[in-house]
Amino acid sequence: MHIFTPNHVALIAACYPPASALLASGPDYRPKSQELSRLTYYAANHPGKINKLGAELEKRVRADCSKSVTGNLRARASLLVTLAIVRTLAIECRRDISLLSPSLVSCLRTTLDFMSSDLEVCALAASVFTAWCTYTDGHLVGVDGGLTQNYLVVVKQFSAQCNAERRSFDDELKNRTRLIGLSAVIGVVNSEALYISATQFKPQASSLTSALLPHVIHADMKVLSECEQITKDTTDSMYLAEFRSRPLSERKAASIHAHVDGEVGPSSADVLSTSIRALSQLFKHSNATQVCSLIQSAFESLDAMQLWAKAEQCRWFARRACDWAQYQYRYAIPSQIVERLLEALDSPVCTNEQKALVGMLTTVFTSPTPLVNLSTSDIVSNLITLVFRRVAANPNDDLLPLLVESIASLGARVYYSDQIQDLASELASRLTTIDTQSLVNQRKESRSQAIRCLLAGLLGLMLVSDEHRGSQGNDQPHPPLHGSPTSPSDTFAWVSHRTKVSGDIWHDTLTLLCDNDFAVRSDYAQALVTYLRCEIPKVDVDRDRVSRDLAGGSSSTQANSISLMLFGDSATRSLHSIHAYLFLLATSSFLGSSLGISTASSYSLNGDVTTTGTTSIGETEGNPPLNSDSGDVLPSTSRRRSVDAAARSRKSSHAYRLLDTVTGKVSSSCLATPSDYALILHVLTAIHEEVPVRGLLTGFPMLVALEAAAQVEDSADAGTRQRAFALREVLARLWLVIGRVWNCSELVCKAENDLSNLNGHMTLPQIAPFTPGVLRPPETQIPFPGLPATELPREWPVVKSEDVLALLASSKNVQEATALDQQGLHRKLSSKWTVEGALRDSAERPNHGRPLGDGVPPLLKLSPALMAIENLSLQSLTRSVRGVGVMDLREALEGRAGASNPTLARQPSMSTLNHNLSHEFHPTGHAFAPDKARSKKRAVTAGSGEVRDVLNRLGIRKYSGNSLLKASFPTTHKSDQK
């Protein structure tokens, strides 16, 4: 050594074995331990010299690498000793690691650039890199340009080793090379250097995912599951996975070796298990932004390697990524998948990427992993947009069934009771406005397919929610229907604790029953039947059926239930509308879209329709239109999103357009086919089996009208007689259903006798199999056969509606269920039915005089009158927990005169609990009598005097006296009668 050699250079040189013994120092090629200790002591006590030490070591690495490439074994041995010195300095000078970092990373880059094919050198370089990753705080990454560039190159080179593929490699050597690269990658995953810089995370994530993801995607699913279980059972190293929470003094860097004597070579399962562990740690340490970058990098890797065809492995990765990510950041994964789907081009043929992405999305939603902060409304809106785009590109696209399944899978993510109703409202709103979608309406086939996709998604959304909650054992099974044949509702045994979808949501879509495409009519009728059997909100008389014990129930509760059915809860209004559209379908000579119809109708601001010579649906004499929907007794039945006024007006106009084509009699010009009549029977059967009381009260007069429409002359042509015969068969089969539902044996016998007289003439076709929530191929209709009039039966005696009416009115079961006597039943069921009247009854027009249930908060008893003004926040009245009464409202309007202290001057609030309304039936109209204290209704405005007038008409007066204290036992205040 020269006498003028700097001290730091001399200390480094002393660590090397003599040149003659350098090759003999293998296979470990370790520096002299005593001299190395002196070097580390010098570096630890002189931090200012670390930069010089690093520069000297960097110079030696560069020289040794250039010689080793040419086959110089002595230079290779010197390189291994130099790397060992660098690793020891990194460990012993961990507190000043930032001073050594630039030189250390530069040494690693130089080594990998020259010696990447030497497995032993790469293993030692990986050990050095892991030591640096363990102790660095990462603050120089992104700040020091040179270090950052070298660091990214090193990460990319180690990542490339994770997927080393060389023909000269045998399996053992290939797996060893991959494990060395994976060891270095794990060091990066557990290092602050990866996460500290927001700008440098994405390039690192791209390298890491390209290194780890191919092992997962190429693996067989069985092997993948086994390795995943091994990874779960293996405890993570406390010095890697948990190092970030430990102080520097307690951290230890892993030592990586190319081969250990006595060990068997690693297998492919070892490589796969290591990759899974690295991926899990990568997602576990990432925040929301970083998770998004990881998912995007994964998509880019799958693109580059063309691995989208491995759909099952892609779904496994998406599900496990959600498991690995932190609880509050998991929402980023499905959000990124949806964004990737939206970015894809609309080609006529869907790609493997699109199929895999939709499958990944469905897997994430149906997995048991909890997700929070997920915007389900945005996701369903984007999925609907995707449906429209794919339908416009190709109506028979293979991606459509997968998109429907993905929409339905959102039902497994219920975060609040009204969520399914809100999502159903979104789907129904898109259904009602689908004719305004220019992309969808370019072709008739595209429009029909889009409607069918949304219908299937709507059904799946409801059913998946119930199945998902039921699979967790959180719910009670739905009781089977007593006295009725096996129905599709038996297959959906579990009911979740969510709000049932309101009938008002379906009311907006009922015009699809009269669509001009039979595939749409068929799918909608099947969807409607599923809704009736599994979802429609039911009251006690519907749920318990005729088998309930009437003596055990409250008469007031029963009366209130009947009142709500008669006076317009959402389900009853929907039933009125269903019967109207079924009648139109059976007798109309025009079927078509509800939008794009030119009429002379004028539209008012509240969405009502006024046509020349026709009474408006929304307003009739004695029933002023109100915006309140207080008729629903089930919780939270109001819609979050409804169709706008223009859309409602157009649909009402469509109903009247259909009504103009109805003559009251069937004829050969009617467009209904045998398949349509079978659907009509299918829907009516579901109504009478699932909601028998409301179905009978609202639907029996319509059946009488259908019977009258089927009466044709003997001279009628063959087409007319065929349709009349089909209608009679519908009625005969429906009489049988009604007889069985109400246990009326005499009616059952008569209906069975009539059906036995068919003699094979024109029986209705069978309903095609239907799986709710699954997009099926479009169904084709069966037309009437072209038979001459001579081959048709002249007459088929069926049970007359008058006989059925007499049997039902005298039935004890019907009387007990409806709380009507025989005369009242006869009058109710024999009332004249028209389509106009049914549409009027289906409009939202709450009756102020009907009683409310006992469980309804007392403030809601004031709401029908007070909420007649333009105010849609009716539900806000139910949130009161302080007992705010009428006096608070009166004092707010009039002021508290004479009170020096408003807090002490507060007078007691009056409760409305003791102001019970009458439960008496009207002697002629079968409606409950309005309160005698009420005068003729008129519109209420926001003026204080008019509100006071309403309170007075409700029989609620201001307290007399100036007592500031509430009585312990308040007396009942009688309301003044006006």
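Which residues are linked with D523 in a network of salt bridges? Select R452, R776 and E779 along with D523: these residues form that network. The model on screen is a predicted one.

**The whole chain**

The chain has 37 helices and two strands. Of its 978 residues, 55% are buried. The chain exposes about 42100 Å², with carbon and sulfur atoms supplying 51% of that area. Among contacts in the chain with a separation of 6 or more, 79% are between residues 24 or more positions apart.

**Stop 1: D523 and R776**

D523 sits in helix 22 (residues 518-534), while R776 is in the loop between helix 30 (745-756) and helix 31 (801-809), so that the pair links parts of the chain 253 residues apart. Both D523 and R776 are buried.

**Stop 2: two other salt bridges**

The structure as a whole holds 33 salt bridges. Select E300 and K202, whose side chains meet at 3.7 Å, N to O. This pair also links distant parts of the chain: E300 belongs to helix 13 (residues 288-305) and K202 to helix 10 (residues 198-218), 98 residues apart. E300 is partly exposed, at 38% relative accessible area, and K202 is partly exposed at 25%.

Now select K59 and E56, a salt bridge whose closest N and O atoms are 3.9 Å apart. The two residues lie three apart in helix 3 (residues 50-68), so about one helical turn separates them. An α-helix has 3.6 residues a turn, so residues three or four places apart point the same way.

**Stop 3: S106**

Move to S106, in helix 5 (residues 97-115). S106 counts as buried, with 11% relative accessibility. Its side chain makes a polar contact of 2.6 Å with the side chain of E58. Leaving aside neighbours within four places in sequence, S106 is in contact with E58, R62 and N150.

**Stop 4: helix 4**

Select residues 73-92, which make up helix 4. At 1.5 Å a residue, the 20 residues should span 28 Å; the end C-alpha atoms are 29 Å apart, which agrees. The helix is mostly covered, with 16 of its 20 residues buried.

**Stop 5: aromatic rings**

There are 14 aromatic pairs in the structure. Select F129 and F158: their ring centres are 5.4 Å apart and their planes stand at 25°, so this pair is stacked. F129 lies in helix 6 (residues 119-135) and F158 in helix 7 (residues 145-161), 29 residues apart.

For another arrangement, select W316 and W324. Their ring centres are 6.0 Å apart with planes at 75°, so the pair is edge-to-face. W316 and W324 are both buried.

Note on methods
Residues are numbered from 1 along each chain as its sequence is written. This is a predicted model: local features need pLDDT of at least 70, side-chain atom pairs count only at pLDDT 80 or more; totals for chains, interfaces and linings use all residues. Side-chain values use heavy atoms; hydrogens and water are left out. Helices (H or I, at least four residues) and strands (E, at least two) are DSSP runs, numbered from the N terminus. Buried means under 20% relative accessible area, exposed over 50%, partly exposed in between (1.4 Å probe, protein chains only). Contact means heavy atoms within 4.5 Å. Accessible areas come from the Shrake-Rupley method with a 1.4 Å probe; for residues, only the protein chains shown count as cover. Rings of Phe, Tyr and Trp (its six-membered ring) pair if their centres lie within 6.5 Å; planes under 30 degrees apart count as stacked, over 60 as edge-to-face and the rest as tilted. The expected span of a helix is 1.5 Å times one less than its number of residues. A polar contact is a pair of N or O atoms within 3.5 Å; within protein, one must be able to donate a hydrogen and the other to accept it, and residues adjacent in sequence count only if both atoms are side-chain atoms. A salt bridge is a side-chain nitrogen of Lys or Arg within 4 Å of a carboxyl oxygen of Asp or Glu.
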